[in-house]
Amino acid sequence: MESMKAEIQKIFKERFGEGGTLYASAGRINLIGEHTDYNGGFVFPGAIDKVIMAEIKPNGMEKVRVFSIDIDEYAEFGLKEEDAPKQSWARYIFGICREIQKRGGEVKGFDAVFAGNVPLGAGLSSSAALESCFAFALNDLFNSNKIDKFELAKIGQSTEHNYCGVNCGIMDQFASVFGRKGNLMRLDCRSMEYEYFPFNPQDYKLVLVDSRVKHELKDSPYNRRRESCERVAKRLGVDTLRDATMEMLDAVKSDITAEDYFRAKFVIEEKQRVLDVCDALNAGDYETVGKKMYETHHGLSKDYEVSCEELDFLNDVAKTLGVTGSRIMGGGFGGCTINLVKNDLHDDFIKVVVDKFNEKYGHEPKIYDVVISDGARKIEE
Ligand code: GLA
């Protein structure tokens with residue numbers, strides 16, 4: 001973090017002169033509750049210690065000038081709808097500006113330099129980290145922090161919908177904005193009520209295994225999954241699948257496609273699993289937490305069909321080794337598995353999973369230990 005900060009400051013100075021203010025926001029994990037957010041269900045994410053960090057300073061002009069250190073590209077754009085930049089990374093920042101303006105907020109020209117260590121396309125929400133970092137910063141710099149935190153998350157979500165082509169739910173931006181060190185958060189995506197859950201198991205670690213299969217939700221069938229769910233909800237006469245039960249679904253089975261049936265079945269089962277995991281955590285019962293994670297993987301792979309061969313392989317290896325819980329995390333179609341691993345199995349698990357994966361696919365997966373951390377923030381000097 002310190003070296004990232006120093007580099008950002010150095011480049012900001014070279015490009016734009018006297019320094020601005022530093023902000024950061026985080027990527028996220030999700031313990032359980034996948035593809036439930038846009039169905040009004042529950043999710044259980046937390047922010048992690050991997051961030052996007054930006055130095056930003058108003059420039060007194062009507063344009064934004066921004067440099068991405070990691071992509072090594074510069075973009076410049078105005079603040080009107082027709083000024084949308086071409087580079088996809090810059091569209092996230094443009095979208096945030098526009099969505100704030102659409103809500104009556106103020107955004108003036110600014111200069112920015114940013115970098116990050118949230119792996120791209122790994123299912124850790126690097127895009128939500130970028131959105132939340134800029135949403136938080138522009139709220140602080142131009143709006144005296146008048147925009148509330150939920151609205152900041154929604155500004156990020158609308159950016160995905162309107163400028164980036166992903167019809168996502170609210171989980172990633174919520175986690176990135178609301179994250180708190182040492183805590184997971186259970187969010188009810190219908191009422192938007194949330195609760196912090198201290199998460200610090202003594203005998204287990206959370207480990208991410210990144211298949212490095214490129215995950216890009218934009219052109220993935222993510223939006224089609226959402227459409228399936230909405231079709232079934234409509235057929236059942238409910239707002240979202242949150243209000244559906246298996247009995248209701250079975251009653252219309254012959255009127256809907258088999259594909260839509262299995263998509264909805266997964267969602268109905270998954271929303272209950274989040275509640276079961278919360279109960280199990282309250283009881284300190286990590287075996288049940290792990291069992292539910294395996295069930296989620298199975299559902300995501302077989303019913304929701306957002307897995308891939310490599311992720312199923314990682315899940316199988318974890319199961320064979322006796323890892324307590326393992327599943328695909330995030331939107332799917334590549335990226336990471338999240339694993340709940342007993343401390344005494346941790347080192348062996350990593351060694352075996354890396355070797356076996358390498359043997360089969362010719363490249364090593366990346367391993368990240370999870371540290372649950374703060375979300376969007378200003379970095380005080
Ligand atoms: C992506 C989306 C989220 C959520 C997850 C799946 O990360 O951005 O809104 O739907 O997939 O749980």
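This is a predicted model: local features need pLDDT of at least 70, side-chain atom pairs count only at pLDDT 80 or more; totals for chains, interfaces and linings use all residues.

Visitor: By what quantities are two packed helices described?

Guide: Two packed helices are described by the angle between their axes and the distance between the axes.

Visitor: Which residues make the contact of α8 with α9?

Guide: From α8, the contributors include Phe 262, Phe 266, Glu 269, Arg 273 and Leu 281. From α9, they include Tyr 286, Val 289, Lys 292, Glu 295 and Leu 300. Sorted by class, this contact holds 8 nonpolar, 3 polar and 9 charged residues.

Visitor: How is the packing of α2 and α3 to be read?

Guide: Helix α2 (residues 88-102) and helix α3 (residues 126-142) have axes that come within 9 Å and cross at roughly 40°. That angle makes α2 oblique to α3. Their crossing is right-handed. On the α2 side stand Trp 89, Tyr 92, Ile 93, Ile 96, Cys 97 and Ile 100, which meet Ser 127, Leu 130, Glu 131, Phe 134, Ala 135 and Leu 138 of α3. The contact consists of 10 nonpolar, 1 polar and 1 charged residues.

Visitor: What is the angle between α4 and α5, and how far apart are their axes?

Guide: Helix α4 (residues 149-164) packs against helix α5 (residues 171-178) at about 140°, and the axes are 8 Å apart. This makes α4 oblique to α5. The crossing of α4 and α5 is right-handed. Among the α4 residues in contact are Phe 150, Leu 152, Ala 153 and Glu 160, while α5 supplies Gln 173, Phe 174, Val 177 and Phe 178. By class, the contact of α4 with α5 has 6 nonpolar, 3 polar and 2 charged residues.

Visitor: Let us turn to pockets. How much space lies in the second largest pocket, and which residues lie nearest its centre?

Guide: A pocket may be read through its volume and then its lining. The second largest pocket holds about 250 Å³ of space. Its lining comprises 13 residues, with Asn 200, Pro 201, Tyr 204, Leu 206 and Val 370 nearest the centre. Strand β9 (residues 204-210) gives the largest share of that lining, 3 residues. By class, the lining of this pocket has 7 nonpolar, 4 polar and 2 charged residues.

Visitor: Finally, where is Arg 377 placed, and which residues does Arg 377 touch?

Guide: Arg 377 belongs to strand β13 (residues 377-379). Leaving aside residues up to four places away in sequence, Arg 377 touches Met 1, Tyr 23, Ala 24, Val 51 and Phe 136. A position in sequence may also be set beside a position in space: Arg 377 and Cys 133 are 244 residues apart in sequence, yet 7.6 Å apart in space, C-alpha to C-alpha.

Key
Residues are numbered from 1 along each chain as its sequence is written. Side-chain values use heavy atoms; hydrogens and water are left out. Axes are lines fitted to C-alpha atoms, for helices over the stretch in contact, and angles run from 0 to 180 degrees between N-to-C directions. Helices (H or I, at least four residues) and strands (E, at least two) are DSSP runs, numbered from the N terminus. Angles under 35 degrees count as roughly parallel, over 145 as roughly antiparallel, 65 to 115 as roughly perpendicular and the rest as oblique. A crossing is left-handed if the near helix is turned anticlockwise from the far one by less than a right angle, and right-handed if clockwise. Contact means heavy atoms within 4.5 Å. Ala, Val, Leu, Ile, Met, Phe, Trp, Tyr, Cys and Pro count as nonpolar, Asp, Glu, Lys and Arg as charged, and the others, Gly among them, as polar. On a 1 Å grid over the protein atoms alone, a cavity is a set of points where a 1.4 Å probe fits but cannot get out, and a pocket is an open set with protein on both sides within 12 Å along at least five of seven lines; lining residues have an atom within 4 Å of a point. Grid points are joined across faces, edges and corners, and a volume is the space filled by probe spheres set on the points.
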